[in-house]
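Here are some short notes for a reader who has not seen this structure before. Please have the sequence and the model open while going through them.

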Amino acid sequence: MAKQGLKKTRDANKKQMDLLLRLIIGANVIYIVVRMAIMHSSFTWKHWIGLMVTSAAYFLPYKQLASMTETNYSDEGELINAGYDLNTGGISEYLQDVIFITLFVQLMSIISDKFWWTYIVIPAYGVYKISGLLRGAFFSGSSEGEIEDEKTRKKREKMEKRASRGKMIKTRNR
C-alpha cells in the first residue's frame, strides 16, 4: 500500500509515453502516405529535409522524456522509483510542447509549406523565458539611489524586525 503513489505515477507516465508514441507514428504515417504517395509530384528534396528535421524533433524530446520516466526496481522486483512525473510540468511540459508543435508543423505542411515558419515559436519562446530570467537577475530589486516611500519603508522595517526575532516554539509542560 505504501508504494501505491509510485505505481500510479509509473502507470500515468507509461500511458502518456504510449500516447506520444502513437501520435508520432500516426503523424509520420499520414505525412508519408499523403505527401509521398498521393502528392508525389510536389515532393522535393526540401520535403526530405523536413521529414528528417521533424524526425529529429520527435526523437530527441521523446528520448529525453523516456529517460526521465525510467523506473527502478529492487532485486526482489519491488518498485523503488517511478521516475519523473510527467504531469508535474517543468521541463517535461516543454519537451511535450516541442513534440506537439512538431506534430502540428508536420501535418500542416502537407497543406502548405508556409507552416514551417511555425517552428520559430520554439526558439522565440526560449528567448522570451531566458530574457525574463536575465531581467529578473540583473534588473530586480531596488537600487541604492532609488527613493523609498514611507509606506514601503515601514513595511520593509516591519518585515526585517519580524525576521530578526525568530520563531517562538510553544511546548506543552507536563
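1. A definition comes first: an angle over 145 degrees between two axes counts as roughly antiparallel. Angles run from 0 to 180 degrees and are taken between N-to-C directions.

2. The model is predicted. Mean pLDDT over the chain is 83, and 90% of the residues score at least 70. Among the elements, helix 3 (residues 91–108) has the highest mean pLDDT, 90, while strand 2 (residues 79–81) has the lowest, 78.

3. How do helix 2 and helix 3 lie relative to each other? The axis of helix 2 (residues 45–68) comes within 9 Å of that of helix 3, and the two cross at roughly 155 degrees. Helix 2 and helix 3 are therefore roughly antiparallel to each other. The crossing of helix 2 past helix 3 is left-handed.

4. Which residues make up the contact of these two helices? On the helix 2 side they are L51, T54, A57, Y58, P61, Y62, Q64, L65 and M68. On the helix 3 side they are I91, S92, L95, Q96, V98, I99, T102, L103 and Q106. Sorted by type, the residues of this contact are twelve nonpolar and six polar, with no charged residue.

5. A separate point concerns A12, which belongs to helix 1 (residues 4–38). Its relative accessible area is 29%, so A12 is partly exposed. A12 and D85 are 73 residues apart along the chain, yet their C-alpha atoms are separated by 8.1 Å.

How values were computed: Residues are numbered from 1 along each chain as its sequence is written. This is a predicted model: local features need pLDDT of at least 70, side-chain atom pairs count only at pLDDT 80 or more; totals for chains, interfaces and linings use all residues. Side-chain values use heavy atoms; hydrogens and water are left out. pLDDT is the predictor's confidence in each residue, from 0 to 100. Helices (H or I, at least four residues) and strands (E, at least two) are DSSP runs, numbered from the N terminus. Angles under 35 degrees count as roughly parallel, over 145 as roughly antiparallel, 65 to 115 as roughly perpendicular and the rest as oblique. A crossing is left-handed if the near helix is turned anticlockwise from the far one by less than a right angle, and right-handed if clockwise. Contact means heavy atoms within 4.5 Å. Ala, Val, Leu, Ile, Met, Phe, Trp, Tyr, Cys and Pro count as nonpolar, Asp, Glu, Lys and Arg as charged, and the others, Gly among them, as polar. Buried means under 20% relative accessible area, exposed over 50%, partly exposed in between (1.4 Å probe, protein chains only).
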